[in-house]
Amino acid sequence: KMASTAAGKQRIPKVAKVKNKAPAEVQITAEQLLREAKERELELLPPPPKQKITDEEELNDYKLRKRKAFEDNIRKNRTIISNWIKYAQWEESLKEIQRARSIYERALDVDHRNITLWLKYAEMEMKSRQVNHARNIWDRAIIILPRVNQFWYEYKYTYMEEMLGNVAGCRQVFERWMEWEPEEQAWHSYINFELRYKEVDKARTIYEQYILLLFDFLLWLIDLFDRRGIEDVIVSKRRFQYEEEVKANPHNYDAWFDYLRLVESDADSDGVRDVYERAIANIPPIQEKRHWKRYIYLWINYALYEELEVKDPERTRQVFQACLDLIPHKKFTFAKIWLLCAQFEIRQKNLQGARKVMGTAIGKCPKNKLLKGYIELELQLREFDRCRKLYEKYLEFSPENCTTWIKFAELETILGDIERARAIFELAIGQPRLDMPEVLWKSYIDFEIEQEEFGNTRNLYKRLLQRTQHVKVWISYAKFELSIDSPDRLEKCRQIYEEANKSMRNCEDTRERVRKLLPEKVKKRRKLTAEDGSDAGWEEYYDYIFPEDAANQPNLKLLAMAKMWKRQQTEGEKAPEKGPAPEETTSLTPEEPAAPAENHNESDRDTVTEQDKYDDRDDDASSSSESDSEDDSGAEKKEKEKEGSDEEKE
């Protein structure tokens, strides 16, 4: 109704009728026509009227016309996706989300591989805060078009999950994306995502996956471009480099190791043996063990190669024998070679040969490692009589080794021969020299306690206390008595502590040691600073200096020596007044207090002032201080004040 009224008011210009159709005498140009049209504004039409919808009926009529127009456009050409998108966006502007979904779904039936259509569809759901619908659309899109990065990260899916705070869901989407092995930027996006949430370990794992993927791709390229030919070129180049290195320095054993590793992976056994023979021919020129440590591993690798790779036991035996013949055993030896040779013979089920090798080793060059290895070998074979003989040989070679005595006794204990084990311990503690006697005694005492021979244990403690009066022995003895389940255990424990106290009190060495460990009480001064940074004066405080701290501070030692020298000078000046001869004058030590002196009031005041200055200088320069003993008498203080006054007079 409104539209018809508006159309009625609009005046349509009348069309002039041409009566004479003959050409005019004066022709009009196109410029004149345009100029006249501009002047008259014949080509301009009035703007369309603005429509105001006032009721629901008019709105429905307007919607019907628009929808009919959109449907007509779609019907004319279904493949133009822009018509579908405009139709859906118009419905979205009217908040008709369900109708917009229907349009997008119809459009997807027409062209489900159109990227823009999926993106607009998902964006509509995200704008309307329909998160689950949006997730459903993204899932469908990445299933149909998994190689489109815009669906994954550049536009929305992972971004949407991250903005929603769903870190686990975002990580799951990234994992699904990585399964398709995307391009490098996708991996960097995943790594940056993990780093944003401080997941360094997960980022490192992603890097490793990406590198592994690149490595597989590289292998594929190598297979594609004749892998064998490329490897031959690389190996030839490296072989040439190693040959140059070993020619320049034949005793560069690290270069030989790298060269051998290369030829073992590529060449045949004859070629590898040739390189090994060339390597072991470079014997160190100096017969010192430190020069042979790297060289000896050439022989070890050679023997292992013959045994494990070539499977030639006879040649392996020859390699071991040649190595043992080459080493100068009178100067040094390598227990590792002997043990490896014996273990090889055991693997070949040649037990007699293994024992022969170990016997030769002990006879030529006995060592702790060799003896231990031989004993372990016999223990594994359960040859306990041979173990006893080997322990006896071991103790003849090294009687001061407490660990060997203890292991020997433990073996006898395991075998149930308690008396033999006790006899071994008795022989051990009777040795004149032991490397760890405290460990041996403790093992013997623990052995008797395990056997519940408490009388023997007490006798051991008493014998040990005859040799040493160490406080830990007394405490261990007392704890042992307290651990025994007997009615008088407290009395015995108390009695032991009383005996220990009495014994330690009578020990002069202990007193002297304790006296030397006592700290020295020191008076110091330090400058105070107020909260505003201004000077707040000085403060005196006491500190304790232990002997080990004083030894590390040369300033304190220098100050003590200066005081001692000054005291000797003062004593030397006062000696003629007191009467003794000069040769009878003795210098005072720090432990001997000086004789009391007369009071001098003026010198006292001067001394205090001078001493304060001295302390200030010491505190600023080297934090040294004047030490005052806690039990100084008044006479000593006066003597020090007099010394200070004499110093000022000089």
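**Ground rules.** I number residues from 1 along each chain as its sequence is written. In this predicted model, local features need pLDDT of at least 70, side-chain atom pairs count only at pLDDT 80 or more, totals for chains, interfaces and linings use all residues, and side-chain values use heavy atoms, with hydrogens and water left out.

**Cores.** I looked up nonpolar cores (buried Ala, Val, Leu, Ile, Met, Phe, Trp, Tyr and Cys residues joined through side-chain atoms within 4.5 Å). Buried means under 20% relative accessible area, with a 1.4 Å probe and protein chains only. The largest core has 84 residues; Trp-256, Ile-296, Leu-298, Ile-337 and Leu-440 touch the most other members. Helix α14 (residues 253-266) gives the largest share, eight residues. Helices here are DSSP runs of H or I, at least four residues, numbered from the N terminus. Another core, of 44 residues, lies apart and includes Trp-152.

**Ring pairs.** I counted 21 aromatic pairs. Rings of Phe, Tyr and Trp (its six-membered ring) pair if their centres lie within 6.5 Å; planes under 30 degrees apart are stacked, over 60 edge-to-face, the rest tilted. Trp-187 and Tyr-210 have centres 5.4 Å apart and planes at 35 degrees, so I logged the pair as tilted. Trp-187 sits in helix α11 and Tyr-210 in helix α12, 23 residues apart. Both Trp-187 and Tyr-210 are buried.

Tyr-461 and Tyr-477 come out as stacked, because their centres are 4.8 Å apart and their planes at 15 degrees. Tyr-461 is in helix α26, Tyr-477 in helix α27.

How values were computed:
Buried < 20%, exposed > 50% of the residue type's maximum accessible area, 1.4 Å probe, protein only. Helix = DSSP H or I, 4+ residues; strand = E, 2+ residues; numbered from the N terminus.
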